Amino acid sequence: MQPHCDCCSNPAVVHETLMCEGIKSEVHLCAEHAIEQGYILPNIGGASLVVGKLMDKSNPTATPAATRTVKSCASCAMTMAALRETGLVGCPHCYRTLEEELGVLIERTQNGATTHAGRHPRHAAELIDRAAVRNRLTRELREAVSREDYERAARIRDEMLTIAGGGEEA
Amino acid sequence: MSGDKPSPLDGLVGGDAPMADCVLSSRVRLARNLVGFHFVNRCSPEQLSDVVHRVQSARLGGPFESGVRWVNVQGTTPVDRLLLFERNLISRPFVESPHPRCVAISADESTSVMVNEEDHLRLQMLAPGMQLRELSNRMLVLDSSVERSLEYAFHPRFGYLTACTTNVGTGIRVSAMLHLPALALVQELEKVQRAARELQLAIRGFHGEGTEALGDFYQVSNQTTLGRSEQDIVEQFAGSIVPQFVEYERAARRALIERDPTALDDRVHRALGVLRACRQLSLEESIKFLARVRLGVALGRIEGVSLGLINQLLLQVQPAHLSRATGCALGNGRDDRGPRADFVRSSLR
């Protein structure tokens, strides 16, 4: 069976085996995430053109793919590729910058669980409340759009923007 | 701990603890990280030293109120480090880590906080027998107390943030060290292990990850930490999983007695005989025979030896404890089988 992408449920077109301190790990990526992580060039796609990383290894002086855009943590420079080699996240900020990719990985390692359901530090109470409000507004926005009530949708959107500007997560 | 004799072990090896016949010990641990620092794997030595200072300046509270001993692990001898590991106060990676690190140990040695293990903080509590609910309650009190002095990294969706995604969310790991010799003898262990895997539990050996199940001791712990509350995770263990394992083991013990009591008596008394008579005893042998005697004591087939003594010996036959108790050298190629046999013989006299 063809493996799925490590970052989403699409079929993987890039497959790489990494060895780190004797531990073998595999990378499987769909075209979109392979582009994002610098394995293949945008606008080309396809397993036969999986060249980005291999080019780097075979010829270190070769110009890296000019259009390569590897998402990395603004705080510690961690990338998903680096994370897969060590199995460790770099810093708390990674969970925000790489939220989408980590979310997929976490769902897999946590047996399908995606959201925290336990206690929280006192300083996070406001964050929890804000996240709950954001989830409610997202739901209401979806419903307003499906009813074609665009006036209401615009009001909800404004409210969401106000909340989004209210502060950052730890 | 340097230079001290090992402290009294009564609180850690009690033979009267709940389900002590089948549960050697319970453990609860929390993984926490501090806001404002990268995780340990991305911190410079200076930043890690800063983390150590921050934690040492904090008021930990909980069991540490009645006394805390800080051990700078880098400054200790290999014997002391190994002693802490054998006592389950620090982990194997923490023994070998090159990072600046330290551990806080409570006066009764039931609680420790490792600073700069895989995460900035690893809080853990140990108790003999099956005491997961009590440990969990005490742990959550300690966690709240620590949080008053130190700000934890947290995300509303992912919960407490950890270096490894397998710990994210609650960061809680609950485990019980089970003694399952009868299930092994009636060859039902494989079935139990399969059931545990289906319940998403991790099963490990005597010293946790990557170690063998010497003496039919198995450490069972939760593998997932996200999507359920701390109480749910603990309750599943304390109210369902551990009692179920214990019931299977007790049923297997009853079956052994019904099927062939003489064979059972021969097995446990022969083990006691070896321990009382031998002149050389390796670590593996000592655990194997002590585990057999433990079964005999728990079933009342052996008299005059307490479960607490056997639990204590299971700890004291380990290399660093033995070295500290007998003065025998510890290290590459040292043969400690003679001192171990002498120590066990005199303890079981």
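This note goes through selected features of a two-chain predicted model, point by point.

1. Ground rules. The model is predicted, so local features need pLDDT of at least 70 and side-chain atom pairs count only at pLDDT 80 or more, while totals for chains, interfaces and linings use all residues. Residues are numbered from 1 along each chain as its sequence is written, and chains are lettered from A and ligands numbered from 1 in the order in which they are written.

2. Chain A overall. Chain A has seven helices and two strands. Helices (H or I, at least four residues) and strands (E, at least two) are DSSP runs, numbered from the N terminus. The order from the N terminus is β-β-α-α-α-α-α-α-α. Of the 170 residues in chain A, 24% are buried. A residue is buried if 20 or more other C-beta atoms lie within 10 Å of its own, exposed if 12 or fewer, and partly exposed in between, with C-beta atoms placed from the backbone. Among contacts in chain A with a separation of 6 or more, 35% join residues 24 or more positions apart. Two residues are in contact if their C-beta atoms, placed from the backbone, lie within 7 Å.

3. The interface. Chain B gives 31 residues to the contact and chain A gives 31 residues. The chain B side holds 12 nonpolar, 13 polar and six charged residues. Here Ala, Val, Leu, Ile, Met, Phe, Trp, Tyr, Cys and Pro count as nonpolar, Asp, Glu, Lys and Arg as charged, and the others, Gly among them, as polar.

4. Glu107(A). This residue sits in helix H5 (residues 99–109) of chain A. Glu107(A) is partly exposed because 16 C-beta neighbours lie inside 10 Å. Beyond its neighbours within four places in sequence, Glu107(A) contacts Gly112(A) and Thr114(A). Lys71(A) is 36 residues away along the chain, and its C-alpha atom is 20 Å from that of Glu107(A).

5. Helix H5 of chain B. H5(B) covers residues 132–147. Its 16 residues should span 22 Å at 1.5 Å a residue, and the end C-alpha atoms are 22 Å apart, so the two agree. The expected span is 1.5 Å times one less than the number of residues. Buried here are Leu132(B), Leu135(B), Ser136(B), Met139(B), Leu142(B), Asp143(B) and Val146(B). They fall within an arc of 125° seen down the axis, so they line one face of H5(B). The arc is that of the directions from the helix axis to the C-beta atoms. Their packing partners in chain B are strands S1 (23–32), S5 (121–128) and S8 (172–179), and helix H8 (230–259).

6. In H3(B) (residues 78–86), Arg81(B), Leu82(B), Leu83(B), Leu84(B) and Glu86(B) are buried. Their cover includes strands S2 (68–72) and S3 (102–106), with helices H4 (92–96), H11 (307–316) and H12 of chain B. Asn88(B) lies in the loop between H3 and H4 of chain B, and its phi is near 65°, a positive value in a residue other than glycine.

7. H12 against H13 in chain B. Helices H12 (residues 319–326) and H13 (residues 337–347) of chain B pack at about 75°, with axes 10 Å apart. H12(B) and H13(B) are therefore roughly perpendicular, a label for angles of 65 to 115 degrees. Leu322(B), Ala325(B) and Thr326(B) meet Pro339(B), Arg340(B) and Phe343(B).

Notes:
Axes fitted to C-alpha atoms, helices over the stretch in contact; angles between N-to-C directions. Parallel < 35°, antiparallel > 145°, perpendicular 65-115°, else oblique.
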